[in-house]
Amino acid sequence: MITAKHNYSLKNNNTFRIDQTAKCFVEYETEQELVDYIRSGALEGEKYIFIGEGSNLLFSQDFDGVVVRSLNKEISVVCENEKEVFVKAGAGLHFDDLIAYCVEKGFGGIENLSLIPGTVGASAVQNVGAYGVEAGDRIHTVRMVDVKSGEVVEAGKEECEFGYRMSRFKKDWADKYAVLSVTYRLDKNPEFVLSYGGLSKMMEGKELSLQSVRDCVIAVRRDKLPAVEEYGSAGSFFKNPIVSKEKYEKVVKVLRNENDESAVPMYEVSETEVKIPAGWLIEKCGWKGQKRGDVGVWHKQALILVNYGNGSGRDVQNLSKSIQEDVRNRFEIELHPEVIVL
C-alpha cells in the first residue's frame, strides 16, 4: 500500500541522522504500486528523489519535494544452471540480508560486500564495493521504471555502465529511472577473492568458506566503523582517488621532503594509474579523530565522517570541505565525495 506523509522529518531515514524535512515522504511495497503512483501524475512538476536507507545521503537543507522509499523486500531464485544461480531482490531489501541469504544457500560472489549499509536498489545505483569486489561485477540485470511515463524496463550490466562508485543511475539516468529490483549472478562453486585489503592474512588459520569470509569481513568492519545505533555516519565519505603513477611519486616525494619514510599505500589500477586510500591521505593531514562541535572524523578510520549527536548537514559539509582543502594543499590531490549531498 502507498503511504504519503507531509512535512515529514527525515532524521530516521538517513544514516547521518540529519533532522531535515521533506515536503512529502512516500513509501510503497510493490512494483505495481510505484508504477500506478507515477502514472497518476503525482510526481509531475515536483522535485523528487528515490532513497533506500539514506546511507549514502547528506541532507544539507530541507527537501522541497517528494522523497520516495521502497519497502519491497522480495527475494527469489529466478533461474539457475550447473554453475550459476540468478537471485532477484526487491530494491527495498537490506543489502546485507541479500548477502546473508546467498551465503546460507551456498551462492558465492558477494560475500566480500558483507555489512555494507543500504539497500539492494542502492547497491546498483552506487556500485558499492569492498575487498576487491564491486556490486557491478555480479549484477546481471536491473529492473527499473521510467519516472515520467511509468514504463517498466530492464537493463543489463553493460548498459548500466558500472564504474568506481558510479553507474548511469548517478549520471544520465539519475532523474529518468527508479530501481525496482536487481538480479544478481552468483556462483555455485565459489572462487574466493582474498587479494585485497589484507583479507588473505585475516583468513589465515580459518577454514575457507563463504560463511568464514563473511564473518571475517563483518568483524573487520565492526572494528573499524562506528556502530550505527550510536553514531550517525554514511560509511566512506570520500572516494579513493585514482591518480597517475607520476602523481603517486609526487606524494612519496612530499613525505620524503618532510623526513617521513613511511610507505605510501596504493593499489594498481592500470599500467599508468594507481588508487591511493583517501583515509590515509586524510590521516596524514592530521584529521583522524578530530572533532568540530558535534561532527568529526572517526578515530579508527579517517574516511568516516561522524555526526556525534546534533550536527547539521551543513556542519558535515563544511568539515568535508576543510578536509578536501588540506589534502589538496598538501598532496595536490582532489578528494571527491562518495556521499550525495542534497
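Helix 1 (residues 31–39) lies across strand 10 (139–146), strand 11 and strand 12, at about 35° to strand 10. Helices (H or I, at least four residues) and strands (E, at least two) are DSSP runs, numbered from the N terminus. Axes are lines fitted to C-alpha atoms, for helices over the stretch in contact, and angles run from 0 to 180 degrees between N-to-C directions. Contact means heavy atoms within 4.5 Å.

This is a predicted model: local features need pLDDT of at least 70, side-chain atom pairs count only at pLDDT 80 or more, and totals for chains, interfaces and linings use all residues. Residues are numbered from 1 along each chain as its sequence is written, and side-chain values use heavy atoms, with hydrogens and water left out.

Stay with helix 1. Its buried residues (under 20% relative accessible area, 1.4 Å probe, protein chains only) are Glu33, Leu34, Val35, Tyr37 and Ile38. An α-helix has 3.6 residues a turn, so residues three or four places apart point the same way. The buried residues of helix 1 pack against strand 2 (21–28), strand 3 (48–51), strand 5 (63–70), strand 10, strand 11 and strand 12. Glycine 41 follows the helix, with a positive phi near 85°.

Five strands form an open sheet in the order 6-7-12-10-11, with antiparallel pairing. Two strands pair if DSSP finds at least two bridges between them. Strand 6 (75–80) and strand 11 (152–156) are the edges, each pairing on one side only. Neighbouring strands are turned by 25° against each other on average, direction ignored. Strand 7 (residues 84–90) and strand 12 (residues 177–187) share 7 bridges. Within that pairing, phenylalanine 86 stands opposite arginine 185. Helix 2 (residues 95–105) lies across strand 6, strand 7 and strand 12, at about 150° to strand 7.

A second open sheet has 3 strands, ordered 14-16-15 and antiparallel. Strand 14 (242–244) and strand 15 (267–268) each have a single partner strand, so one side of each is left without a neighbour in the sheet. Strand 14 joins strand 16 (residues 273–275) through 3 bridges. Valine 243 has valine 274 as its bridge partner. Helix 8 (residues 245–257) lies across strand 14, strand 15 and strand 16, at about 90° to strand 14.

Note on methods:
Buried < 20%, exposed > 50% of the residue type's maximum accessible area, 1.4 Å probe, protein only.
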